[in-house]
Amino acid sequence: MASTAFLGSLSLERGVHAAGDDELKLALIGCGGRGSGAANQALKTAGKVKLVAMADAFQDRLESSLGNLRQQHPTKIDVPPERRFVGFEGYKQAIALADVVVLAAPPGFRPLHFAEAVNQGKHVFMEKPVAVDGPGVKRVLAAAAESKQKNLKVVVGLQRHYQPGYLEIMKRIHDGMIGDVYALRCYWNDQGVWVKEREAGQSEMEYQMRNWYYFVWLSGDHIVEQHVHNLDVCNWVKQAYPTKCVGMGGRQVRTGKEYGEIYDHHAVEFEYEDGARMFSQCRHIRGCWNSVSEHAIGSKYLADLSGHVIRDPSANNKIVWRYRTTQPVDPYQKEHDDLFDAIRNNKPLNDAENGARSTLTGVMGRVATYTGQVVLAEDVLESDIDTMPSKLAWDAPPKSLPDKDGWYKISVPGKDVAI
Ligand SMILES: NC(=O)c1ccc[n+]([C@@H]2O[C@H](COP(=O)([O-])OP(=O)(O)OC[C@H]3O[C@@H](n4cnc5c(N)ncnc54)[C@H](O)[C@@H]3O)[C@@H](O)[C@H]2O)c1
């Protein structure tokens, strides 16, 4: 297992353009569920692709991902022990060995990993969200600008942009079919996700990294980590990003120590520059009304974006347009098909700036629910509240630490007002 520098001899230029049927070398950074899925999809694209390097904070995660990928693609995996990098720093060596990188560690690391990939001149597939706080979004925006200058291709895992039903309804909305849009609704209300119990002998850093969903510096809270999908669809409708928001939230049911410091519900009203409002809810509570959806209320018609349906409210909500297909497309595969096609044929494709700006929408929503204040996008972007630990090491302390009884501080609106 390599943990010291192992730099390949690939030139930056090779990373920028690959001629038609050249073999593209892939590195996977963050070998969990989604990273392994994304690598599988990258390896299924047309043309020669080989996985040559992997990096993960934890050896067990890397090895289990490698085992699965080897079963799926026996001839496309070439990751000997010296190209498996474990720990916080391995991403640099893995990126250096590849033409294309998949970035799928917890979102708090995305700015660091994306900036490095762009600095090394590599094409990128990166999962959403792309940051968890203002300084992180700012860093991704800077790297996004650099990636465009370098003609790098970047796809962000906001896969609705690669789903024909969304693309078709969006085309109609942007062509004016539903009229002017001044109100939007979006939800990610469901039962929540996994939790990892604390194990004997773990340092605080290891515990938080294993149970990453429940710590803001790693996940951004679920309003950023999951709800970004729905916020992003509304931004796509508006072709703009909210400038202001107010909200409320808390933790009412998911209150145990194992749930770290995040809330279990948020409700936020976002405002766009033209005065339009987006009403957003996200909830992780079992036994309640669930919905993962987006809706736009137009001056003429109503659009159910997630259902790919347009209705006429003046005619008993009659359906006036519906997306139908007999050939469903897997958007998770399409993201990679488009990315590799763009790389091989030098087509324009760069989602990074939109990914960063929609991530900022989620972050400002969280700041609004945590503080209870009116929150401006520009203040969050300029905020110097950097949640990342000052040092990344197993014995280094994260910024948010439990008290002597194992409880983390939970933000209290009206009291915790720093933005
Ligand atoms: N687009 C989608 O529909 C979708 C679906 C699921 C997850 N995701 C996103 O994918 C990302 C990963 O989620 P997941 O469900 O795969 O989580 P996961 O916990 O299964 O995987 C994360 C992996 O990253 C590793 N890791 C942690 N810190 C690291 C570091 N500093 N360097 C390298 N590796 C590190 C972990 O050990 C783990 O193996 C998240 O951003 C999540 O929001 C997107």
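The model is predicted: local features need pLDDT of at least 70, side-chain atom pairs count only at pLDDT 80 or more, and totals for chains, interfaces and linings use all residues. Numbering starts from 1 along each chain as its sequence is written.

**Exercise 1.** Work out which residues surround the ligand, and sort them by class.

*Solution.* Next, sort the shell: 13 nonpolar, six polar and six charged. Here Ala, Val, Leu, Ile, Met, Phe, Trp, Tyr, Cys and Pro are nonpolar, Asp, Glu, Lys and Arg charged, and the others, Gly among them, polar. Finally, look at elements (DSSP runs numbered from the N terminus; helices are H or I, at least four residues, strands E, at least two). Helix 2 (33–43) and strand 2 (49–56) each give at least two shell residues, and helix 2 has the largest share, three.

**Exercise 2.** Find which residues of helix 2 and helix 12 make their contact.

*Solution.* From helix 2, take Gly-37, Gln-41 and Ala-42; from helix 12, Tyr-332, Gln-333 and His-336. Contact means C-beta atoms, placed from the backbone, within 7 Å. Then tally the classes: two nonpolar, four polar and no charged residues.

**Exercise 3.** Describe how domain 1 meets domain 2.

*Solution.* First get the bounds, which come from an automatic or database domain assignment: domain 1 is 12–160 + 337–351 and domain 2 is 165–329 + 357–382. Their C-alpha centres sit 26 Å apart. Now count: 15 residues of domain 1 contact 22 of domain 2. The domain 1 side has nine nonpolar, two polar and four charged residues.

Conventions:
Two residues are in contact if their C-beta atoms, placed from the backbone, lie within 7 Å.
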